[in-house]
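This report describes the fold and selected local features of one protein chain. Please consult the sequence and the model shown below while reading.

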Amino acid sequence: MLGYISAEGRGTGDRLLTCVAQHLRAQNVPLAGAIQINRETDPARKCDMDLHILSGQDVIRISQNLGVLSRGCRLDPAGLEQAVGLVAKALDHAPALLIANKYGKQEIDGRGFRPVIAEALSRDIPVILSVNPNNVAAFLQFAGALAEPVGDTLDGALDWVARQI
């Protein structure tokens, strides 16, 4: 009940989960979760990161502009937690699937979407998410035998979802 995509390349997992969500929405499958859209700005700045909440129309900015010379993490934890709160509320409406944009550093540390993922699984709601190849070991430590790789193609992800719902 916990499928994961581990795709190489910047934004590849985000784009794949967006396609999964679009396909399922077209079939009127009730979804909870968030997909990440990275908006390119200009060559001198890194992209803006937005989470689109699947249970409504909310878009939450989860990146902060730290300046051109910044090398630190640009994640806005307050924005992420706002998105997590909206997604957590959506679990009360019995979605067929939770799409979590990724299992990243916040989730590795026990924050971010990690509690919502656990709550969805406890309610027998399948979860699909993206995991950066560098974070797979930490994700598997959290997920254990529940984790199932779904590949890095739209067909593979949709096949996995069809078996779950």
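Predicted model: local features only at pLDDT ≥ 70, side-chain atom pairs only at ≥ 80, totals over all residues.

In which loop does Ala94 lie? Ala94 is found in the loop between helix H2 (77–90) and E5.

## Overall fold

The chain contains six helices and seven strands. Followed along the sequence, these elements occur in the pattern β-α-β-β-β-α-β-α-α-β-α-β-α.

Of the 165 residues in the chain, 45% are buried. The chain exposes about 8500 Å², and carbon and sulfur atoms supply 50% of that area. When contacts between residues at least 6 apart in sequence are considered, 64% of them join residues at least 24 apart.

Strand E3 covers residues 48–53. Five of its six residues are buried, so E3 is largely enclosed by the rest of the structure.

E3 pairs with strand E2 (residues 31–39) and runs antiparallel to it, with six bridges joining the two. Within this pairing, Asn38 stands opposite Met49 in E3. E3 also pairs with strand E4 (residues 59–61), again in the antiparallel sense, over three bridges. Here the bridge partner of Asp50 is Arg61 in E4. Five residues lie between E3 and E4, and the two strands form a hairpin. As a general point, the side chains of a regular strand alternate between the two faces of the sheet.

## The aromatic cluster

A search of the whole structure finds three aromatic pairs. The ring centres of Tyr103 and Phe139 are 5.1 Å apart and the planes stand at 65°, so this pair is edge-to-face. The two residues come from distant parts of the chain, 36 residues apart: Tyr103 is in the loop between strand E5 (97–100) and helix H3 (105–108), whereas Phe139 is in helix H5 (residues 136–143). Both Tyr103 and Phe139 are buried.

Tyr103 also forms an aromatic pair with Phe142. This pair is stacked, with 5.4 Å from centre to centre and 25° between the planes. It too links distant parts of the chain, since Phe142 lies in helix H5, 39 residues apart from Tyr103 in the loop between E5 and H3. With a relative accessibility of 1%, Tyr103 counts as buried, while Phe142 is partly exposed at a relative accessible area of 24%. Ring pairs link Tyr4, Tyr103, Phe139 and Phe142 into a cluster.

## Residues with positive phi

Asn28 is not a glycine, yet it has a positive phi of about 60°. Asn28 is located in the loop between helix H1 (12–26) and E2. Its relative accessibility is 67%, and because exposed means over 50%, Asn28 counts as exposed.

Ala94, the residue of the opening question, likewise has a positive phi, of about 50°, although it is not a glycine. Ala94 lies in the loop between H2 and E5. Its relative accessibility of 58% is over the 50% cut-off, and Ala94 therefore counts as exposed.

Notes: Residues numbered from 1 in each chain as written. Heavy atoms only, no water. Buried < 20%, exposed > 50% of the residue type's maximum accessible area, 1.4 Å probe, protein only. Helix = DSSP H or I, 4+ residues; strand = E, 2+ residues; numbered from the N terminus. Pairing = 2+ DSSP bridges. Phe/Tyr/Trp six-rings, centres within 6.5 Å; stacked < 30°, edge-to-face > 60°. Contact = heavy atoms within 4.5 Å. Areas by Shrake-Rupley, 256 points an atom, 1.4 Å probe, with all protein chains shown as cover.
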